[in-house]
Amino acid sequence: MHDLVIREATLYDGSGAPPAVADLAVDGDRIAAVGAAPGPARSTLDGRGLALAPGFIDVHTHDDFAAVVHPDMAFKLEGGVTSCVVGNCGFGAAPHAAAAAMAKTLHPKLTLPEWRGYAGYMHRLEAHAPGVNIGVLVGHGTARLAAMGTEARAPAGPEMAAMKASLAEGLEAGALGLSSGLVYDPGRFASTDELVELASLMRGTGGLYATHMRDESTGLLGSVREAIGIGERAGVPVQISHHKASGRGAWGLVTESLKLIEAAQQRGLDVHADQYPYTAGSTILAAVYRDGKLRGAIGDLRGEDVVIASTESHPGWEGRSLAQIGAEMGCSPEQAAERVLAADQGVTCVLHVMSEDDVRTVMRHPSTMIGSDGIPTLEGKPHPRLYGTFARVLGRYAREEKLFSMEQAVYRMTGFAAAKFGLRDRGLLRAGAFADLVLFDAASIIDVGTFEDPKRRPAGIHAVFVNGAMAVANGQATGVRTGKVLRRA
Ligand SMILES: [Zn+2]
């Protein structure tokens with residue numbers, strides 16, 4: 001007697017193979033059988049007319065602290081996501097004091113419980129399970145902040161040793177790799193050699209180097225070369241985070257950056273990228289406005305391109321551009337940025353900086369998997385990618401625009417992601433794999449949220465299972481929390 005059988009759904013198995021109608025049986029937290037007539041079950045679900053896929057794996061998130069302070073994780077589950085990779089862009093969950101400083105930006109009103117190191121963070125997640133599975137990257141920026149503050153210089157011997165100890169501790173606990181954020185303080189003060197020295201600790205462990213590169217604008221190609229070079233010299237796989245060309249002056253460069261990835265793959269390097277399916281990005285305003293200019297490493301920006309997403313101190317600014325705020329204050333957008341930051345260092349913003357052609361060029365490329373980069377500030381107006389990323393890839397780019405097949409879209413968010421990040425028994429509909437499942441209507445799935453009204457669950461997602469338990473029923477999170485920590489295979 002099986003615990004559950006989902007009958008006659010159209011199975012997208014996560015491998016990229018064409019779909020097929022079949023039954024799928026679940027026992028406990030695993031898939032027991034895939035095929036015809038698996039036998040009786042305590043409960044059955046009619047899957048006729050619906051698609052059944054492995055739960056979506058969001059390889060690029062900032063949910064480290066959301067998984068602790070909003071553990072139901074409804075904003076992820078209702079979008080079909082069953083696993084999140086946290087610790088991206090150099091922002092990790094340990095050491096705790098440095099991590100907590102970063103967490104204040106995303107969750108200003110919430111206090112974090114304490115934990116010791118990455119092992120402590122993972123144990124905390126196991127003791128208070130979130131709704132989704134969590135895989136952890138060690139954050140270079142957090143390790144550097146803990147070791148040497150925001151010093152704009154190379155680390156001294158003991159400081160480098162402290163960073164290595166943080167990375168080693170995380171890897172020992174089961175972290176999937178190391179991330180960097182080379183536009184942010186303090187990650188931007190790191191040299192290529194510093195990153196090679198750290199990443200070299202992962203050689204032979206399966207850990208990967210994931211990077212928010214130094215310059216995603218007109219310096220994109222140099223940044224991709226640096227990322228690939230770090231992987232090559234350290235002998236580790238590389239994941240280029242949120243691959244894009246940012247700012248008008250950089251548009252079109254993705255054609256060349258994709259060729260750099262292809263050439264590296266032909267040399268035998270394990271190099272891939274992830275992407276969110278929007279022409280707007282989102283980050284902290286402090287990374288956009290520097291030295292009197294709106295750019296950072298993000299490309300030249302106009303005041304109307306930068307829209308405030310969340311600010312605890314002045315909610316009235318949310319949803320408004322720096323051009324609008326400046327006009328109201330009687331000052332330039334740059335001066336408006338200065339004043340906004342003076343009022344609230346932690347303000348986040350949405351940046352309208354990419355071209356739709358580039359988004360499509362990157363998405364179509366076989367090196368690209370899907371990661372939302374969602375920023376889980378549930379107050380304010382977060383970028384709608386937090387809710388809609390996966391439904392948008394399936395509905396808009398696969399079904400409507402036919403950029404690729406539905407099975408290829410599913411593969412980019414399941415089997416491909418699990419293979420790259422070393423997630424054992426995830427991402428595929430196979431007997432013996434964990435029963436992370438999403439049941440959706442391939443004819444109607446679509447993102448619904450907009451920049452004005454982002455906090456909307458996507459349409460067309462019927463049910464989601466995490467480790468065999470029903471976490472979403474009739475499109476709504478059930479409150480069931482059965483996520484596990486995903487340690488490096
Ligand atoms: Zn990033």
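Hi everyone, a definition to start: Ala, Val, Leu, Ile, Met, Phe, Trp, Tyr, Cys and Pro count as nonpolar, Asp, Glu, Lys and Arg as charged, and the others, Gly among them, as polar. A pocket here is an open set of points, on a 1 Å grid over the protein atoms alone, where a 1.4 Å probe fits, with protein on both sides within 12 Å along at least five of seven lines; lining residues have an atom within 4 Å of a point.

This is a predicted model, where local features need pLDDT of at least 70, side-chain atom pairs count only at pLDDT 80 or more, and totals for chains, interfaces and linings use all residues. Residues are numbered from 1 along each chain as its sequence is written, and side-chain values use heavy atoms, with hydrogens and water left out.

Let's begin with the largest pocket, which holds about 770 Å³ of space, a volume being the space filled by probe spheres set on the points, joined across faces, edges and corners. Its lining has 41 residues, and F91, Y184, D185, I284 and A286 are the closest to the centre. By class, that lining divides into 20 nonpolar, 15 polar and 6 charged residues. Which element gives the most to it? That is α3, with 6 residues; helices (H or I, at least four residues) and strands (E, at least two) are DSSP runs, numbered from the N terminus.

Now the second largest pocket, with about 220 Å³ of space. Its 15 lining residues include P108, S310, T311, E312 and E318, which lie nearest its centre. This lining has 3 nonpolar, 6 polar and 6 charged residues. Thanks, everyone!
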